[in-house]
Amino acid sequence: MGGNEGLRLLFDELQRLDYVIVGHKVVDGALRLERVNEFNELAVGVEDVQSPGRYSLVEGDFFRHGPDSPKKFLYPSELVLFKVSPDWSITSPDVKIDRTAFFGLKPCDLAAIKVLDRVLLNVDEFYTLYRENMAIIVENCTRPGNTCFCASMGTGPRARDSFDLAYTRLGDKLVMEAGSELGIRLLNALEVEPIDDVTYGDFVRVLNEAAEKARAGFEADNLPELLELKIASPVFREVAEKCLGCANCNMVCPTCFCFDVIDVPRVDGSAERVRVWDGCLNYTYAQVAGGHFRPDLWARYRHFVLHKFTYWMKQFGTYGCVGCGRCVTWCPVGIDLREAVLKLLRR
Amino acid sequence: MSKSVATLIPKPTTIVRVRTETSNVRTYYVKLPKDVELPKPGQFNMLYVHGVGEVPISVSDVDHRTGVVAHTTKFTGSVTGTFTYLKEGDLIGFRGPYGKGWPMDSSVGKDVVLIAGGIGLPPLRPVVREVAKDRARYGRLIIIYGARTPKDLIYSYEYGDYEAIPNTELHLTVDNPDEGWRGNVGVVTDLIRQADVDPEDSIAMICGPEIMMRYAVKELLKRGFKANRVFLSLERRMKCGVGLCGHCQVGPYFVCKHGPVFPLWFISKYFWVDQI
């Protein structure tokens, strides 16, 4: 099936099924995940160039992602928990969820949703409600970027499960796989043809080649144990020398789930309590009234690394890192998580 | 409404009494809201000050008959600082009780050694009450408590009651004595060294500043205590109390959910790691 035309049909079919569509748009020189009303609003003809501490968009025919991940919608950066009036009557705002289809997510972001499911599904009801009314159309990643390492984390570049529909662009051909009943329905509406041997061969080859470009130089096997053995390593101090403690890595991470709760007093004497994203690189993260448990940046950076690769496995039975590379790209000083892990493993 | 939201919504309840303990410590007695279970020794509650913020405060006493729960707090932070303005009859937001408490069941038949520093005594007071109430269930009760100055010793008005509990010893020490002080001077570690305890037959429960707990644990280990006989109540930043906000992690453990009371063996891999 023809590439762009097929995607347009898919987009229209999802709208016909009453899905609000969230996809990649070009905003201020970056790809952002936003609500999209028309197919033409979706980013096209651009490529994201990513490297440690660098991000730009150039002309091209394939892109990965920008700073946003599905977390932006499933786990909003600001959520009012409740309002309390001057006389202590407490009300919680009603949460309205649109049936949402994520269009063209890359496998790393699909993997991030699977990670968040372990943490938040049936725990956070906003997340759960969103998740239950959500469709995932994933685009297999034929050209991983410079900061990508999904193949090392076992999350990409080909999505294997947990999607409704996965598509792969091969030149002007579109290879489609259904992963759910909705996916089968969509395939039927699109009038696809069975794949021929030559195209299937290309499909496998292209994605295998892509996997080779998405490796970090380490394998995920035994990583939790191997890294925990390095808990006292000076490497954390060395890497964190450059760190600014800005917590950009936490904010762009598609799985970071920590939150703070802030109080917003109003002039009428009422107040709101608002859940906001927080991150372990922030100075106040481990601070208490009587002292500070991680005053030094290296200790906060160590917590970030060990949480993603070691503690997460113990807490939730999965890695907290999906290899999307955002923390590498959006770090203002270009600290490379892959290099940090490699250094830790070597020494 | 989300469940994580629902679990984070406090219930307003009344402060029935405020008791001044020291110049910067007071105890707030609040009525447990309806359908809230009675806290067990070592558990904590999240207390919310209207428009200011919410803080985890350990339970320092429970009146099982009236359902009134005591919280002793020092005015140190931006939220506890505003506790000074709260008075009898005021409302306060309540969530809890949270966390795992002291090992009362595994202490049955054993000597109970309580080691507290500064504001670390309040979470241990429910243990004293429990032992006093069911005296035959436990062996000797040994309370070791240290503070900066004699004026910082919390609950000094009831030390006589502690000593009146059969088979009970109370050992106090201060860093900086004043003129009237006749007791020990020095750190609690010295008292642990001198205490007449049988490590084979005792359970130690510790609460205090982390640095004090490290020295206390070292001393107990030197004296022959096994890591499964030593329990600590840890402090960390907490915004949720239910293992969601992430702040209280010590290695892979959420202090609010897996603790705040931990057996030493459980956390020994992380307890000694600098800035874990």
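Guide: Two strands count as paired if DSSP finds at least two bridges between them, and strands themselves are DSSP runs of E, at least two residues long, while helices are runs of H or I of at least four, all numbered from the N terminus. In β2(B), R17(B) has Y29(B) as its bridge partner. The model is predicted: local features need pLDDT of at least 70, side-chain atom pairs count only at pLDDT 80 or more, and totals for chains, interfaces and linings use all residues. Residues are numbered from 1 along each chain as its sequence is written, with chains lettered from A and ligands numbered from 1 in the order in which they are written.

Visitor: What makes β1(B) and β2(B) a pair?

Guide: They are joined by 6 bridges and run antiparallel; the requirement is at least two, so they pair. The two strands form a hairpin with 2 residues between them. Strand β1 (residues 11-22) of chain B also pairs with β6 (residues 91-98) of chain B, in the antiparallel sense over 4 bridges, and there T13(B) stands opposite I92(B).

Visitor: Why is chain A called as compact as a globular protein of its length?

Guide: Chain A contains 13 helices and 14 strands. Its radius of gyration is 21 Å, close to the 20 Å that the globule rule gives for 347 residues, so the description applies. The radius is taken over C-alpha atoms, and the rule is 2.2 Å times the number of residues to the power 0.38.

Visitor: Which strands of the open sheet in chain A are edge strands?

Guide: The sheet has 6 strands in the order β2-β1-β7-β8-β9-β10, with mixed pairing. β2 (30-36) and β10 (173-178) are the edges, since each pairs on one side only. Strand β1 (residues 20-27) of chain A and β2(A) pair in the antiparallel sense over 7 bridges, with V27(A) opposite A30(A).

Visitor: Why does E59(A) count as exposed?

Guide: E59(A) has 7 C-beta neighbours inside 10 Å. E59(A) is found in strand β4 (residues 54-59) of chain A.

Visitor: Why is A247(A) called buried?

Guide: A247(A) has 21 C-beta neighbours inside 10 Å, so it counts as buried. Its phi is near 70°, a positive value in a residue other than glycine.

Visitor: And why is W88(A) called partly exposed?

Guide: W88(A) has 14 other C-beta atoms within 10 Å, which gives the label partly exposed. Phi of W88(A) is near 70° and positive, in a residue other than glycine; W88(A) lies in the loop between β5 (78-84) and β6 (90-91) of chain A.

Visitor: How many residues of chain B are in contact with chain A?

Guide: 29 residues of chain B are in contact with 34 residues of chain A, contact meaning that C-beta atoms, placed from the backbone, lie within 7 Å. The largest share of the chain B side, 3 residues, comes from α1(B).

Terms used: Two residues are in contact if their C-beta atoms, placed from the backbone, lie within 7 Å. A residue is buried if 20 or more other C-beta atoms lie within 10 Å of its own, exposed if 12 or fewer, and partly exposed in between; C-beta atoms are placed from the backbone.
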